[in-house]
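Good morning, and thank you for making time for this item. I shall go through one model, from the single chain to the interface and then to a few individual residues.

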Protein chains: 2
Amino acid sequence: MTTPATTERRLEQALLKGHWNLFERLPAERLLAEKLGVSRATLRTALRTLVGRGILETRRGSGTFVKALPCRSDNASLADSLRAFRIVMPHLLMTAQPSFAPSAIFTLERQLSAAGMALHADDMRLFAQYHLQFFSALLQGLSNTRLAQAGAATLPDAHALARLLQDCPPIRLEEIFKHLARTLHGLRHADPQASSAALSAYAACLLQGMGEEA
Amino acid sequence: MTTPATTERRLEQALLKGHWNLFERLPAERLLAEKLGVSRATLRTALRTLVGRGILETRRGSGTFVKALPCRSDNASLADSLRAFRIVMPHLLMTAQPSFAPSAIFTLERQLSAAGMALHADDMRLFAQYHLQFFSALLQGLSNTRLAQAGAATLPDAHALARLLQDCPPIRLEEIFKHLARTLHGLRHADPQASSAALSAYAACLLQGMGEEA
């Protein structure tokens, strides 16, 4: 049985192979479904997902077009996202000068203390989730949506991050937590340089935990 | 009639209002469809799009979860994306050290010359499209998928870019083209600093064209 997810991957492969060019129109749904040997419902679900991912675009009455080429996401590993995080996130904090209302700082504080509790309860799944909530809240402080999306593209996958944290010795976990606390401290004192350095150290520390040179 | 797109926007609004938290499970499809007053098919299409956008996540047998908070994309204007482009893209070229095979350089060259032809034919829709193809090809030279996605999040919308270009006087259009040519020249001579400066000047020039301080 061919699922929408499989169909999505096949379409993605076809796009990567240059089957259709950027801005080209895809064949009619009926023809495409036939060609792929799937039902139109399955094809439509797959197309919708690709529209959501910003790869395809539907124009009313004129069909489905290629809007952007997909990235090869198969090998988007945790190390890749941590390296990307380390390049992009500190730079965003430095140059975009996010401004945080006291209520936003309060949200970040709550997430940090929840992360602290998860750490001491040794619940790495929760600990990882609070990291990501912290970063999401941080990105929402950027007034520019496109910048926030650029930062969000580098956030690690929650499950992969939790697995990595599970393998870290307690001393490294404490260090990781300290970097998050320093990030917040910098934001609280309007010191983007300190926050930026702390975020970079956070990613470096995780990369070291993976045995990667940081 | 409530379309999937409307339903998607309503779900997005609910998420932005904190109706569900990050990592929380959404209500069962049947209940949610009832609550929104839409058919299950419409709801499912909307959910799929949000899954594609990385905002929701479906786990087999356990339901749909909030994976990331949506960005307020309504006001993602051209100026926002050009400012984001200017912050992120030059930085990526400088730090990620993309390496381009001769064939990739050849692709970029072809796109640049096609852009030149579109410019001289005064076809701004095509001229804009070749800019975006040029940047997409450039991002594919990054070995890190997450970084490429971060850069892609800052690319301007093709239609909005074409409209802006239509309003630019010929002398500014020539200048914009020159910055693209300099970007390629820097890549060809493994001079990321020159490419990076040219990309920054490209965005600044467009922002000036919008009457924004660059």
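In chain A, buried residues account for 50% of the 214 residues, where buried means under 20% relative accessible area, exposed over 50% and partly exposed in between, with a 1.4 Å probe and protein chains only. Please keep in mind that this is a predicted model, in which local features need pLDDT of at least 70 and side-chain atom pairs count only at pLDDT 80 or more, while totals for chains, interfaces and linings use all residues. Residues are numbered from 1 along each chain as its sequence is written, chains are lettered from A and ligands numbered from 1 in the order in which they are written, and side-chain values use heavy atoms, with hydrogens and water left out.

Chain A has 10 helices and 2 strands; these are DSSP runs numbered from the N terminus, H or I of at least four residues for helices and E of at least two for strands. Their order from the N terminus is α-α-α-β-β-α-α-α-α-α-α-α. Along the principal axes, the C-alpha atoms of chain A fill a box of roughly 60 × 35 × 30 Å. Of the contacts in chain A with a separation of 6 or more, 70% are between residues 24 or more positions apart, a contact being heavy atoms within 4.5 Å.

I turn to the core. In soluble globular proteins, nonpolar side chains tend to be buried together. A nonpolar core here is a set of buried Ala, Val, Leu, Ile, Met, Phe, Trp, Tyr and Cys residues joined through side-chain atoms within 4.5 Å. The largest one has 136 residues, and among those with the most contacts inside it are A:Leu165 and B:Leu165. Beyond its neighbours within four places in sequence, A:Leu165 contacts A:Met124, A:Phe127, A:Ala128, A:His131, A:Leu173, A:Ile176 and A:Leu206.

Next, the interface. How much area do chain A and chain B bury between them? The value is about 3,800 Å², 60% of it on carbon and sulfur atoms; buried area is the accessible area (1.4 Å probe) that two parts lose on being put together, summed over both. On the side of chain A, A:Phe23, A:Arg48 and A:Arg146 lose the most area to chain B, together 19% of what that side buries. The contact takes 47 residues from chain A and 47 residues from chain B.

B:Ser136 lies in helix H6 (residues 124-140) of chain B. Is B:Ser136 buried or exposed? B:Ser136 counts as buried, because its relative accessible area is 13%. Leaving aside neighbours within four places in sequence, B:Ser136 is in contact with A:Leu22 and B:Leu155.

B:Pro192 belongs to helix H10 (residues 192-209) of chain B. With a relative accessible area of 35%, B:Pro192 is partly exposed, and, not counting residues up to four places away in sequence, B:Pro192 touches B:Leu93 and B:Met94.

Finally, A:Asp122 sits in the loop between helix H5 (102-120) and H6 of chain A. A:Asp122 has a positive phi of about 60 degrees although it is not a glycine, and A:Asp122 is exposed, with a relative accessible area of 60%.
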